[in-house]
Amino acid sequence: MAHHARVICQLLTVIASLFSFVATTYGEDFPKPFDTQELTEKFLSPTEAVSRISLPEGFNVSVFASEPNVNQPIALATDERGRLWVAECYTYAERETNYETKLNDRIVILEDSDGDGRFDKRTVFWDKASKLTSIEIGFGGVWALCAPDLLFIPDRNRDDVPDGKPVVVLNGWDDDVIRHNIVNGLRWGPDGWLYGRHGITTISLVGAPETAPEHRTQVDCGIWRYHPTRKNFEIVSSGTTNPWGMDWDEHGQMFFINTVIGHLWHVIPGAYYQRMFGEHFDSHVYQLLPQTADHYHWDTKEAWHDIRKLGVTTTTDAAGSGHAHCGMMIYLGDNWPAKYRNQLLACNFHGLRVNCDRLERAGATYVGKHEPDFLRTTDPWFRGIELVSGSDGGVYIADWSDIGECHDNDGIHRSSGRIYKVTYGQPKPQPRINLSELSDDKLVAYQLHTNDWFARQSRRLLHERTINGEDLTAAHRQLREIFESNEDVTRKLRAMWALHLTEGTSEAWLLKQLHHANEHVRTWAIKLLVDAGTPTNVTRQAFEQLAQREKSGLVLSFLASSLQQLPNGDRWELAETLASKDQFSTDPVYPLMVWYGVEPAVAEYPTQAVSLAATSELPLVREHIARRITSEIERQPTAVDQLVALLKVNRDVGFQRDVLAGMAISLKGWRQADVPATWPTVAVKLAESRDEQIQTLERELSLVFGDGRAMDELQRIANGDGSDLAAQRSAIHTLVEARDETIVPLLQKLLSDRDLGIDAIRGLAAFDDPKTPQLIIENYGSFHREPTRREAVTTLTSRPASINALLAAVSAAQIDRDQVSPFQLRQMQLLGNPDINREIDRLWPGLKAISSEKLARISHFRGALKPQVLAAADLSAGRALFNQNCGKCHRLFGTGGRIGPDLTGSQRNNLNYLLENTVDPSATVSKNYHLSIALMEDGRVVLGIVSEENERTVTLQTISERLVLLRDEIEELRVSNLSMMPERQLDVMSSTQVRDLIGYLMAPGQVPLPGSSGPVE
């Protein structure tokens, strides 16, 4: 009895301690999570779950942590102490709720202090998060993606307690419509940038806080990056569906994992990948890159969504068990057998397993080959969502731990979660480490460690020390020694990356590496030269010389990628050399990368584009150039005539097919086009061709250049007769331009179309149909993409009747007030309708009123700049005026300064928008472009825009230079509400100059400078 009593007492003590632990786990002010998932499957204990896992011989799996110590683990990261950081997401909910705002998410730290493979210390770092999807450690704190924000949580002394409130670094990530496609995936790249991912279901408008919408970056599916000190944000590559996993191989090549349309993708900056649906922002990319893998992980004879109702069929099981992948890593540790090094592992959501792919160089880039699945389990609760490697070479696998529908639409089981650890053999217990305590030379030595974890963590710490102003001269000598003397190219690359991050490289040194014997070193030299900013003339010339001698498709692909960083006028010589590489003419990647590099410059430099088409050995580039030039036939007919003239000179059948096909595709959906001057004579010769495809294309083009297509044919194309989206869009545009009112019912029907809804909204603006305003408002909630919502508001503000409907919708909370821009409010005010103005004052009481003097000036210019006046504008003279008055600060069509916002993508075709921003530039200026005044200790006064700042320095972009100022030397830094753009610029110009400048600003593309003959330059 005494023995039983002791056992009962011990049991009660354990239970009491467990309840005490649960209380501290959730905390008094942390909302206790609740489950909504119906339990249709037995929930296995951690021990049972491990027993269900199968691994290759010699591998072991253990439970590193499980509920209640960890729940809903959505992302993992490690720090320089080898500890595991876990992002727990409790707010994700079923579709009806989307995100449960009554709950919080949190970040916890799990530490294995005795090295036995199981955590023994748990610390809650921060528990006030919401919609938390990812974390990363570095630069004195923790980075967290909590849509709509990218947060930085400072912890400078590394005591695991936040130093203060999180700082919003970026915002604008969609946090509502997007749901399981939400922004995710923070990881440091070898180049020192913070990388992330975004899904396809909506568009986010991303920028620093208080950046105006028109100055933000549009983001949908793809990869993005952010620089932690320069504060630059940019898109790396675009496309796919919902990327949720990425890593870099031992050569620094980046790969990511995806769902539905293909699982594996190699990242080249500026790439456009295939999409599950929809189009890229640039409608002229025309053709998209396929996946990198040569296989799928499911039976493609089945519909991708069949797995939801059929389960995993035998054939899909054999292929890899499903289309949904979540979490990916490339193994570069030192615990697993050598055959796994540089192999890619990805969790397969439906397949209850971890897939494995082998990466091989193939053609210009890579191919992913199928390998046997690495891990399988029969635990129905297994939802692998993340994999990371640790300091001992073991691999952590986060298990979301749920059942039911793959998006959890049928409920969430928040009280579960596991983290498994997979090792080979019995790893030696790891001593406690803290790399931040090591000297520079020891961190450099870790660049030679077999386990890449040490190299990555050490490289980041060296980067941080550089940012903090420490002297790394000795480290530079060591790193150069590794680069010069180590025969292993992967170690050379590690040294190269570390040198770059510690400011140990120069343009001259990187240019020297363009001659290196190894293709990976040459590739990274290109990438780092481009990362420094717009390549200098010396770098551009070196790229051109490299292209002439280069044989490696990988190097050539990154050279093609670099085209997108060159000014449009400087791309052609390099592009011509790249387009001559006929050995890669059928490669799935290389020709498209060359095309992506020249496409933005084709309309601006049509003569050079025609010349490139004439010499290109890449058929795809020839066809796409012909298509792009022909799309400008109304504005640049001479260029199309030059293109047609090539058909008379070059009789090669393949060349003629490519050019004619490009022209025919471009004019699909057009009723009629002006005939190029040389077409009649060229068409006669083409009609005599023995090639049937050439004859067919000649007849189709002659029809468009002659009597034109019948309107009923255009109606068929507009209604979707199997033509591609570009042709359907062109047909809609043609019918709208013809003011064919029979198109209105189709446009109203297309309002809910994911791809053509925005075109329908634009088209409906041309017709005064009383049904349109209410239909747009009724469909507004289904407009998932921000540009579509903006276009809807633009259309609703175009007529007094629709303005009243818009204001009523805002009043009824059908459309959010923030969706109406300050400019659109001004535009409505300028109508002078007292009823409309009263309602605007009621709904937007804080709106800053335009002074009567400025209102009068806007009205004056609007009256003077009638359409017929602007039609007579000398656009070339306008370009010269722009260069003189605006070009030092603003870019347009790829040329100009970078102080103010790029004007190319703004609402330039709207006269009211231009006038307000010119006459009253401070009215709606984004905070990012406010004038800052630095009062220096030495008495200087420096004016400019803050472009970068850290603890030690503030970088001001002035009108003429970029100045780095020490904070210690700044007596006071004031931020003005004024724009740097001066007012009354138009007042000092003649009426002719105003006409020419505004006409140029409203032009759809670049024009020649005055006195220029031939190319637009």
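Tutor: The second largest pocket holds about 780 Å³ of space, where a pocket is an open set of points on a 1 Å grid over the protein atoms alone, with protein on both sides within 12 Å along at least five of seven lines. Grid points are joined across faces, edges and corners, and a volume is the space filled by probe spheres set on them. This is a predicted model, in which local features need pLDDT of at least 70 and side-chain atom pairs count only at pLDDT 80 or more, while totals for chains, interfaces and linings use all residues. Residues are numbered from 1 along each chain as its sequence is written, and side-chain values use heavy atoms, with hydrogens and water left out.

The lining of this second largest pocket, meaning the residues with an atom within 4 Å of a point, comprises 36 residues, and those nearest the centre are Tyr-92, His-180, Asn-181, Asn-242 and His-407. Sorted by class, the lining of the second largest pocket has 19 nonpolar, twelve polar and five charged residues; here Ala, Val, Leu, Ile, Met, Phe, Trp, Tyr, Cys and Pro count as nonpolar, Asp, Glu, Lys and Arg as charged, and the others, Gly among them, as polar.

A cavity, by contrast with a pocket, is a set of points where a 1.4 Å probe fits but cannot get out, and the whole structure has five cavities of 30 Å³ or more. The largest cavity has a volume of about 690 Å³, and of the 43 residues lining it, Glu-136, Arg-187, Trp-188, Asp-247 and Arg-456 are the closest to its centre. Several elements give two or more residues to the lining of the largest cavity, including strand S7 (132-137), strand S11 (184-188), H6 and helix H8 (489-501); helices (H or I, at least four residues) and strands (E, at least two) are DSSP runs, numbered from the N terminus. The largest share of this lining, seven residues, comes from H6. By class, the lining of the largest cavity divides into 17 nonpolar, twelve polar and 14 charged residues.

H6 also takes part in the second largest cavity, to whose lining strand S8 (141-146) and H6 each supply at least two residues. The volume of the second largest cavity is about 140 Å³, and 17 residues line it, with Glu-80, Ile-137, Gly-141, Asp-155 and Arg-158 lying nearest the centre. The lining of the second largest cavity has nine charged residues, together with five nonpolar and three polar ones.

H6 (residues 452-467) has 16 residues and reaches 23 Å from its first C-alpha to its last, close to the 22 Å expected at 1.5 Å a residue, the expected span being 1.5 Å times one less than the number of residues. H6 is mostly covered, with 14 of its 16 residues buried; buried means under 20% relative accessible area, exposed over 50%, and partly exposed in between (1.4 Å probe, protein chains only). After H6 comes Gly-469, which has a positive phi near 85 degrees.

In the loop between S8 and strand S9 (149-154) lies Pro-148, joined to Ala-147 by a cis peptide bond with omega about 15 degrees. Most residues other than glycine have a negative phi, and most peptide bonds are trans. Asp-160, in the loop between S9 and strand S10 (167-171), has a positive phi near 65 degrees although it is not a glycine, and it counts as buried because its relative accessibility is 12%.

Finally, the packing can be followed through the nonpolar cores, each a set of buried Ala, Val, Leu, Ile, Met, Phe, Trp, Tyr and Cys residues joined through side-chain atoms within 4.5 Å. The largest has 125 residues, of which Met-496 and Leu-578 touch the most other members, and helix H14 (residues 590-602) gives the most to this core, nine residues. Apart from it lies another core of 62 residues, among them Val-108, Ile-135, Ala-144 and Ile-178. Ile-178 is also one of the residues touched by Thr-202, along with Asp-174, Val-177, Val-219, Asp-220, His-784 and Arg-785, when residues up to four places away in sequence are not counted; such contact means heavy atoms within 4.5 Å. Thr-202 sits in the loop between strand S12 (194-198) and strand S13 (204-206), and it is classed as buried because its relative accessible area is 0%.
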